[in-house]
Amino acid sequence: MEKKEKLTFEQAAARIDEIVRLLEKGDAPLDKSLALFEEGAKLIKTCGKMLDTAEQKVVRLQKSANGEPEELEFDGNE
C-alpha cells in the first residue's frame with residue numbers, strides 16, 4: 001500500500017482484516033510479520049481517529065417548540 005494514498009475507513013478496515021489473516025497463517029518471516037504488525041497498528045490508529053471525527057459530527061434531532069426539527073449536539077451520554 002502506498003503511504004500517500006488516502007484510505008477510506010472501509011479500505012483501512014479491509015486491510016487490517018487482511019493483515020490479521022496473514023499474521024494468523026504464521027508463515028511469514030519475522031521481519032515481514034513485524035512490518036505487517038506495524039502497518040496494522042497504524043491503520044487501527046487511523047481508523048480510531050476517523051471514528052472520533054465521525055462521532056463529533058453526529059447530531060441529535062428533536063422537535064422544537066414549533067414542531068420543526070432542531071439539531072442538538074451529540075454529547076454521548078444518552
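User: What pattern does the chain follow when read along the sequence?

Analyst: Helices (H or I, at least four residues) and strands (E, at least two) are DSSP runs, numbered from the N terminus. In this predicted model, the chain follows the pattern α-α-β-β, with two helices and two strands. Residues are numbered from 1 along each chain as its sequence is written, and side-chain values use heavy atoms, with hydrogens and water left out. Because the model is predicted, local features need pLDDT of at least 70 and side-chain atom pairs count only at pLDDT 80 or more, while totals for chains, interfaces and linings use all residues.

User: At what angle do helix 1 and helix 2 pack?

Analyst: Axes are lines fitted to C-alpha atoms, for helices over the stretch in contact, and angles run from 0 to 180 degrees between N-to-C directions. Here the angle is about 150°, and the axes of helix 1 and helix 2 lie 9 Å apart. The two helices are therefore roughly antiparallel (an angle over 145 degrees). Contact means heavy atoms within 4.5 Å; among the residues that make it are Phe 9, Ala 12 and Ile 16 of helix 1, and Ser 33, Leu 36 and Cys 47 of helix 2.

User: Which residues does Ile 16 touch, not counting residues up to four places away in sequence?

Analyst: Ile 16 touches Gly 40, Leu 43, Ile 44 and Cys 47.

User: Which residues make up the largest nonpolar core?

Analyst: In soluble globular proteins, nonpolar side chains tend to be buried together. A nonpolar core is a set of buried Ala, Val, Leu, Ile, Met, Phe, Trp, Tyr and Cys residues joined through side-chain atoms within 4.5 Å. In this chain, the largest one has seven residues: Leu 7, Ala 12, Ile 16, Ile 19, Leu 36, Leu 43 and Cys 47. Helix 1 (9-25) and helix 2 are the elements that give two or more residues to this core.

User: Is Ser 33 buried or exposed?

Analyst: Buried means under 20% relative accessible area, exposed over 50%, and partly exposed in between (1.4 Å probe, protein chains only). Ser 33, in helix 2 (residues 30-57), has a relative accessible area of 19% and is therefore buried. Leaving aside neighbours within four places in sequence, Ser 33 is in contact with Leu 23 and Ala 28. For the chain, buried residues make up 13% of the 78 residues.

User: Where is Thr 8 found?

Analyst: Thr 8 is in the segment before helix 1. With a relative accessible area of 36%, Thr 8 is partly exposed. Thr 8 and Cys 47 are 39 residues apart in sequence, and their C-alpha atoms are 8.9 Å apart in space.

How values were computed. Angles under 35 degrees count as roughly parallel, over 145 as roughly antiparallel, 65 to 115 as roughly perpendicular and the rest as oblique.
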